[in-house]
Amino acid sequence: MNECDAFLDALASDRLEAAHRTHARTCPVCAPLLPEASGAVSPAALSLDEVHRRALQALRTTPARPWARDAAMLALLQGAIALGVTVTLGTGNWNSPGAHRTALALVGAALLGTVTLGSILALAPGRRRPRALLWLVPVVPLLLVLSGNGVHTATTMGAALPCALTVVLTAVVPLAVGLALLRGMALDAARTVALALCAAATGLFALHWHCRDGSGAHLLAYHALPWVALALLAIPIRRALPTRSHVP
Amino acid sequence: MDRFVQGEEQAFSTLFTRHAGRLQATLRRMVGAAADDVLQTTFLSIVRSRGRYERGAPFRPWLYTVAVNAARDHLRRNRWEEPHAAEDLPEAPAEPAPLPDPGLSRTVEAALAQLPGAQREAIVLHRFEGFSFREIADLLGVTETAVKVRAHRGYERLRVLLASQRGTA
């Protein structure tokens with residue numbers, strides 16, 4: 001390893017010692033990489049004044065908006081939509097003779113938690129909490145299948161498609177509101193997917209009580225698949241929308 | 001920072017004075033001539049979304065996270081633009097450079113501009129801003145190993161580019 005390589009390794013591993021610096025000071029290739037050779041780019045004082053003035057103006061006209069308020073409103077909206085669609089569709093699955101009621105109730109509670117608390121976590125500042133919600137992708141389909149009664153009733157595509165349509169149509173309003181809120185924070189694919197999963201879970205929740213077809217194939221293809229597809233579709237939609245603020 | 005979140009102008013001005021000049025220089029290395037626009041976007045973002053600041057979190061990494069996000073968004077929609085020539089810039093109270101080679105910074109910046117965005121971010125934050133790899137990882141939302149790999153590849157490429165530029169000079 002020559003001296004240039006040793007300097008490079010030291011620089012990249014945060015272990016820059018005196019010997020490395022001595023070499024770099026005399027080497028035309030390594031010298032520009034020395035930390036003290038910052039070669040400061042002159043700040044343009046006039047443009048800074050202008051940036052400062054505009055930011056102060058924004059500070060005067062924009063009140064601080066706690067993120068939790070928006071998140072709570074979205075959670076309430078999604079909870080109301082989920083319950084409203086459930087009441088509209090009816091609870092045929094819950095009332096069917098083969099229903100595993102304990103499992104249905106537990107999974108239903110988990111879905112309601114996803115719809116409400118999930119959306120709050122998805123909008124929380126920072127990156128860790130939204131990313132943790134990505135565990136919903138494997139967990140929710142598994143729970144749906146485990147709570148299903150195994151009976152296959154929607155044997156034709158025509159009979160099964162309304163389930164997929166319910167997931168999609170129920171998600172339209174919460175997803176639109178969620179995407180509008182996401183414009184107020186930095187573009188983050190994981191956060192977008194997390195929020196879309198929670199928004200699209202409104203339809204899953206309603207179907208969970210309503211749909212009598214408890215077969216694994218139906219639950220995965222017509223409940224879980226459109227739910228995941230909507231979440232993935234949200235990424236290009238969010239990317240196409242302009243960002244109002246780049247705060248994480 | 002708490003006073004700024006509550007809307008106190010003096011508190012914001014203090015933060016601005018402390019960080020804006022240096023951040024502007026960093027953004028010039030990241031996005032070139034569009035640095036002022038991205039700086040404006042960064043400060044408007046933190047003013048408008050100050051309600052998303054987590055109490056007790058250090059301000060500088062938060063500010064740089066916002067700036068990197070704004071820079072990425074700009075580069076996603078626009079191409080990297082050549083910075084203004086140094087002689088076009090107004091006089092400013094910059095710190096005296098320990099190695100007063102006027103061509104040095106231009107050479108480094110020209111080489112930096114040729115790096116892929118992720119490598120450029122890692123090097124600018126590490127080499128020019130003095131963030132540790134751990135801090136950069138938190139700031140960019142990736143693992144520390146990923147940052148080290150990006151920085152190492154970037155430094156390697158930078159050295160090749162600098163060597164070739166020196167060779168042709």
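This is a predicted model: local features need pLDDT of at least 70, side-chain atom pairs count only at pLDDT 80 or more; totals for chains, interfaces and linings use all residues.
**Chain B overall**

Let's start with chain B, which is built from eight helices and zero strands. Reading from the N terminus, its elements go α-α-α-α-α-α-α-α. Chain B has 169 residues, and 43% of them count as buried. If you look at its contacts between residues at least 6 apart in sequence, 70% of these join residues at least 24 apart.

**Domains**

Both chains are divided into two domains. In chain A, domain 1 covers 3-61 and domain 2 covers 67-240, and their centres, taken over C-alpha atoms, are separated by 48 Å. In chain B, domain 1 covers 1-81 and domain 2 covers 99-169. Here the C-alpha centres lie 21 Å apart.

How many residues of domain 1 of chain B are in contact with domain 2 of chain B? Ten are, and they meet 14 residues of domain 2 of chain B. On the domain 1 side of that contact, H2 and H4 of chain B each supply at least two residues. H4(B) gives the largest share, with five residues. By class, this side of domain 1 of chain B has six nonpolar, three polar and one charged residues.

**Two helix pairs**

Two packed helices are described by the angle between their axes and the distance between the axes. Here are those values for one pair in each chain:

| Helix pair | Axis distance | Angle |
|---|---|---|
| H2(B) and H4(B) | within 11 Å | roughly 35 degrees |
| H10(A) and H11(A) | 8 Å | about 145 degrees |

In chain B, H2 spans residues 9-31 and H4 spans residues 59-77. H2(B) passes H4(B) in a right-handed crossing. On the H2(B) side, the residues that meet H4(B) include B:Leu15, B:His19, B:Leu23 and B:Leu27. Their partners in H4(B) include B:Phe59, B:Arg60, B:Leu63 and B:His74. Sorted by class, the contact of H2(B) with H4(B) comes to ten nonpolar, two polar and one charged residues.

Over in chain A, H10(A) passes H11(A) in a right-handed crossing too. Among the H10(A) residues making the contact are A:Ala189, A:Thr192, A:Val193 and A:Leu207, while H11(A) brings in residues including A:His223, A:Trp227, A:Ile235 and A:Arg238. This contact divides into 14 nonpolar, two polar and one charged residues.

**The loop between H10(A) and H11(A)**

Between helix H10 (189-210) and helix H11 (216-240) of chain A there is a loop, and A:Asp213 is in it. Is A:Asp213 buried or exposed? A:Asp213 counts as buried, because it has 22 C-beta neighbours inside 10 Å, and the cut-off for buried is 20 or more. Leaving out residues up to four places away in sequence, A:Asp213 touches A:Val151, A:His152, A:Thr153, A:Ala154 and A:His218. A:Val151 is 62 residues from A:Asp213 along the chain, yet their C-alpha atoms are separated by 5.8 Å.

**One side of H7(B)**

Back in chain B, helix H7 covers residues 133-140, and B:Phe133, B:Ile136, B:Leu139 and B:Leu140 are buried in it. These four sit on the same side of H7(B), because they cover an arc of only 120 degrees around the axis.

How values were computed: Residues are numbered from 1 along each chain as its sequence is written. Chains are lettered from A and ligands numbered from 1 in the order in which they are written. Domain bounds come from an automatic or database domain assignment. A residue is buried if 20 or more other C-beta atoms lie within 10 Å of its own, exposed if 12 or fewer, and partly exposed in between; C-beta atoms are placed from the backbone. The arc is that of the directions from the helix axis to the C-beta atoms. Axes are lines fitted to C-alpha atoms, for helices over the stretch in contact, and angles run from 0 to 180 degrees between N-to-C directions. A crossing is left-handed if the near helix is turned anticlockwise from the far one by less than a right angle, and right-handed if clockwise. Two residues are in contact if their C-beta atoms, placed from the backbone, lie within 7 Å. Ala, Val, Leu, Ile, Met, Phe, Trp, Tyr, Cys and Pro count as nonpolar, Asp, Glu, Lys and Arg as charged, and the others, Gly among them, as polar.
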